[in-house]
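Here's a quick briefing on charged pairs and nonpolar packing. Have a look at the sequence and the fold before reading on.

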Amino acid sequence: MLGELDWRPAGDRPDLLAAPVAAALAAVPDAETAEIDPDLADTAAFCERYAVPLDASANCVVVAAKRGGEVGYAACMILATGRADVNGVVRKRLGARKASFAPMADATSLTGMEYGGITPVGLPAGWPILVDEAVAAASRVVIGSGLRRSKLLVPGKALTGLPSAEVLALAL
(Lines give C-alpha, C1' and ligand atoms only; values in the text may rest on other atoms or scores of the structure.)
Protein backbone atom coordinates (compact mmCIF):
# COMPACT_ATOMS: atom_id res chain seq x y z
CA MET A 1 0.00 0.00 0.00
CA LEU A 2 1.05 3.57 -0.54
CA GLY A 3 0.36 6.42 1.83
CA GLU A 4 -2.54 6.59 4.25
CA LEU A 5 -5.25 5.51 1.83
CA ASP A 6 -7.63 2.58 1.55
CA TRP A 7 -6.68 1.28 -1.91
CA ARG A 8 -9.19 -1.09 -3.56
CA PRO A 9 -9.34 -2.66 -7.03
CA ALA A 10 -10.57 0.13 -9.30
CA GLY A 11 -13.08 -2.16 -11.00
CA ASP A 12 -14.82 -2.62 -7.65
CA ARG A 13 -15.43 1.12 -7.28
CA PRO A 14 -16.73 2.55 -10.58
CA ASP A 15 -18.41 5.30 -8.52
CA LEU A 16 -14.91 6.70 -7.93
CA LEU A 17 -14.11 6.98 -11.64
CA ALA A 18 -15.16 9.44 -14.33
CA ALA A 19 -17.22 7.73 -17.05
CA PRO A 20 -14.44 7.71 -19.71
CA VAL A 21 -11.99 6.31 -17.14
CA ALA A 22 -14.36 3.52 -16.10
CA ALA A 23 -14.92 2.66 -19.77
CA ALA A 24 -11.17 2.37 -20.42
CA LEU A 25 -10.18 0.64 -17.19
CA ALA A 26 -9.49 -2.67 -18.93
CA ALA A 27 -6.30 -1.07 -20.29
CA VAL A 28 -4.89 -0.97 -16.73
CA PRO A 29 -6.10 -4.16 -15.01
CA ASP A 30 -3.86 -3.66 -11.94
CA ALA A 31 -5.32 -0.22 -11.17
CA GLU A 32 -6.45 0.47 -7.63
CA THR A 33 -8.49 3.43 -6.42
CA ALA A 34 -8.94 5.31 -3.17
CA GLU A 35 -11.41 7.96 -2.14
CA ILE A 36 -9.98 11.33 -1.06
CA ASP A 37 -11.21 14.73 0.04
CA PRO A 38 -11.87 16.61 -3.23
CA ASP A 39 -10.50 19.79 -1.65
CA LEU A 40 -7.15 17.98 -1.40
CA ALA A 41 -6.97 16.72 -4.99
CA ASP A 42 -4.16 19.09 -5.99
CA THR A 43 -0.83 17.30 -5.80
CA ALA A 44 0.95 19.15 -2.98
CA ALA A 45 -2.06 19.11 -0.65
CA PHE A 46 -2.85 15.49 -1.54
CA CYS A 47 0.69 14.25 -0.92
CA GLU A 48 0.98 16.10 2.38
CA ARG A 49 -2.37 14.95 3.78
CA TYR A 50 -2.18 11.32 2.66
CA ALA A 51 1.59 10.77 3.19
CA VAL A 52 2.29 9.99 -0.46
CA PRO A 53 5.80 10.94 -1.58
CA LEU A 54 5.89 13.50 -4.40
CA ASP A 55 8.02 11.13 -6.47
CA ALA A 56 5.22 8.52 -6.27
CA SER A 57 2.68 10.93 -7.72
CA ALA A 58 2.38 11.74 -11.42
CA ASN A 59 0.49 14.62 -13.00
CA CYS A 60 -1.34 14.56 -16.31
CA VAL A 61 -0.93 17.82 -18.18
CA VAL A 62 -3.12 18.49 -21.23
CA VAL A 63 -1.24 20.39 -23.91
CA ALA A 64 -2.71 22.32 -26.83
CA ALA A 65 -0.40 22.20 -29.86
CA LYS A 66 -0.93 24.73 -32.65
CA ARG A 67 0.31 24.67 -36.22
CA GLY A 68 -1.16 26.44 -39.22
CA GLY A 69 -4.40 27.38 -37.48
CA GLU A 70 -5.05 23.80 -36.37
CA VAL A 71 -5.08 22.80 -32.70
CA GLY A 72 -4.29 19.30 -31.52
CA TYR A 73 -4.18 17.96 -27.99
CA ALA A 74 -1.88 15.63 -26.12
CA ALA A 75 -1.37 14.48 -22.55
CA CYS A 76 1.96 14.53 -20.75
CA MET A 77 2.61 12.35 -17.70
CA ILE A 78 5.30 13.73 -15.42
CA LEU A 79 6.28 13.03 -11.82
CA ALA A 80 5.14 15.67 -9.35
CA THR A 81 8.81 16.43 -8.68
CA GLY A 82 9.40 17.55 -12.27
CA ARG A 83 8.13 19.90 -14.95
CA ALA A 84 7.32 18.95 -18.52
CA ASP A 85 9.40 20.60 -21.23
CA VAL A 86 6.31 21.79 -23.14
CA ASN A 87 8.10 24.36 -25.30
CA GLY A 88 10.96 22.04 -26.19
CA VAL A 89 10.50 18.26 -26.24
CA VAL A 90 6.68 18.25 -26.32
CA ARG A 91 6.33 20.96 -28.99
CA LYS A 92 8.89 19.26 -31.23
CA ARG A 93 7.38 15.80 -30.77
CA LEU A 94 3.94 17.14 -31.70
CA GLY A 95 5.32 19.05 -34.72
CA ALA A 96 3.75 22.25 -33.46
CA ARG A 97 4.75 25.85 -33.94
CA LYS A 98 3.42 26.62 -30.46
CA ALA A 99 2.51 24.41 -27.50
CA SER A 100 1.00 25.47 -24.20
CA PHE A 101 -1.12 24.14 -21.38
CA ALA A 102 -4.69 23.74 -22.62
CA PRO A 103 -7.24 26.08 -21.07
CA MET A 104 -9.14 24.43 -18.20
CA ALA A 105 -12.50 24.65 -19.99
CA ASP A 106 -11.08 22.89 -23.06
CA ALA A 107 -9.29 20.21 -21.03
CA THR A 108 -12.40 19.31 -19.04
CA SER A 109 -14.91 19.45 -21.89
CA LEU A 110 -12.74 17.43 -24.28
CA THR A 111 -11.83 14.74 -21.72
CA GLY A 112 -15.09 14.45 -19.79
CA MET A 113 -13.03 14.66 -16.61
CA GLU A 114 -12.79 17.13 -13.75
CA TYR A 115 -9.96 19.64 -13.57
CA GLY A 116 -7.49 18.34 -11.02
CA GLY A 117 -8.45 14.75 -11.79
CA ILE A 118 -7.54 14.42 -15.47
CA THR A 119 -5.77 11.17 -16.21
CA PRO A 120 -4.40 9.45 -19.32
CA VAL A 121 -6.80 6.52 -18.85
CA GLY A 122 -9.84 7.19 -21.02
CA LEU A 123 -8.58 10.16 -23.01
CA PRO A 124 -10.08 10.82 -26.44
CA ALA A 125 -8.93 8.41 -29.15
CA GLY A 126 -5.90 9.59 -31.06
CA TRP A 127 -4.49 11.88 -28.41
CA PRO A 128 -0.77 11.25 -27.96
CA ILE A 129 0.08 10.28 -24.39
CA LEU A 130 3.67 11.31 -23.70
CA VAL A 131 4.95 9.47 -20.64
CA ASP A 132 8.13 10.74 -18.99
CA GLU A 133 10.71 7.97 -18.61
CA ALA A 134 10.72 8.38 -14.80
CA VAL A 135 6.96 7.74 -14.69
CA ALA A 136 7.31 4.69 -16.92
CA ALA A 137 10.06 3.32 -14.66
CA ALA A 138 8.12 3.81 -11.41
CA SER A 139 6.89 0.62 -9.78
CA ARG A 140 3.58 2.33 -8.84
CA VAL A 141 2.38 5.91 -9.29
CA VAL A 142 -0.66 7.80 -8.07
CA ILE A 143 -2.57 9.50 -10.89
CA GLY A 144 -5.96 11.11 -11.33
CA SER A 145 -9.18 9.12 -11.65
CA GLY A 146 -11.05 11.66 -13.75
CA LEU A 147 -12.69 12.94 -10.56
CA ARG A 148 -11.32 15.16 -7.81
CA ARG A 149 -12.65 12.84 -5.09
CA SER A 150 -10.42 9.87 -5.82
CA LYS A 151 -7.04 8.76 -7.15
CA LEU A 152 -5.73 5.77 -9.06
CA LEU A 153 -2.63 3.76 -8.17
CA VAL A 154 -1.10 2.06 -11.23
CA PRO A 155 2.19 0.48 -12.28
CA GLY A 156 4.21 3.04 -14.24
CA LYS A 157 4.69 0.56 -17.08
CA ALA A 158 0.89 0.23 -17.40
CA LEU A 159 0.76 3.81 -18.68
CA THR A 160 3.11 2.91 -21.52
CA GLY A 161 0.58 0.35 -22.76
CA LEU A 162 -2.22 2.89 -23.20
CA PRO A 163 -3.30 3.67 -26.79
CA SER A 164 -1.01 6.29 -28.38
CA ALA A 165 1.43 6.20 -25.44
CA GLU A 166 5.09 6.95 -25.99
CA VAL A 167 7.96 7.15 -23.49
CA LEU A 168 10.14 10.27 -23.72
CA ALA A 169 12.51 12.31 -21.56
CA LEU A 170 9.99 15.08 -20.81
CA ALA A 171 11.31 16.54 -17.57
CA LEU A 172 13.23 19.78 -17.45
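Arg-148 counts as partly exposed because its relative accessibility is 21%, where partly exposed is the range between buried (under 20% relative accessible area) and exposed (over 50%), with a 1.4 Å probe and protein chains only. This is a predicted model, so to speak of local features we need pLDDT of at least 70, and side-chain atom pairs count only at pLDDT 80 or more, while totals for chains, interfaces and linings use all residues. Residues are numbered from 1 along each chain as its sequence is written, and side-chain values use heavy atoms, with hydrogens and water left out.

**Salt bridges**

- The structure has eight salt bridges, each being a side-chain nitrogen of Lys or Arg within 4 Å of a carboxyl oxygen of Asp or Glu.
- Arg-148 pairs up with Asp-42 in one of them, at 3.4 Å from N to O.
- Arg-148 sits in the loop between β7 and β8 and Asp-42 in the loop between β2 and α2 (43-50), so this pair ties together parts 106 residues apart in sequence; helices (H or I, at least four residues) and strands (E, at least two) are DSSP runs, numbered from the N terminus.
- Asp-42 is partly exposed too, with a relative accessible area of 44%.
- Arg-140 bridges to Glu-32, with the closest N and O atoms 2.4 Å apart.
- That pair links distant parts of the chain, 108 residues apart: Arg-140 is in the loop between α5 (133-137) and β7 (141-144), and Glu-32 is in strand β2 (residues 32-35).
- Glu-32 counts as buried because its relative accessibility is 17%, whereas Arg-140 is partly exposed at 26%.
- Arg-149 and Glu-35 form a salt bridge at 3.6 Å, N to O, and both belong to a network of salt bridges that also links Arg-13 and Asp-15.

**Nonpolar cores**

- The largest nonpolar core has 34 residues, and Met-77, Val-135, Val-141, Ile-143, Leu-152 and Leu-159 touch the most other members; a core here is a set of buried Ala, Val, Leu, Ile, Met, Phe, Trp, Tyr and Cys residues joined through side-chain atoms within 4.5 Å.
- Elements giving two or more residues to this core include β3 (58-67), β4 (70-79) and α6 (156-160), and β3 supplies the largest share, four residues.
- Leaving aside residues up to four places away in sequence, Val-141 touches several residues, among them Ala-58, Leu-79, Val-135 and Leu-159, contact meaning heavy atoms within 4.5 Å.
- A second, separate core has 13 residues, including Ala-34, Cys-47, Val-52 and Ala-56.
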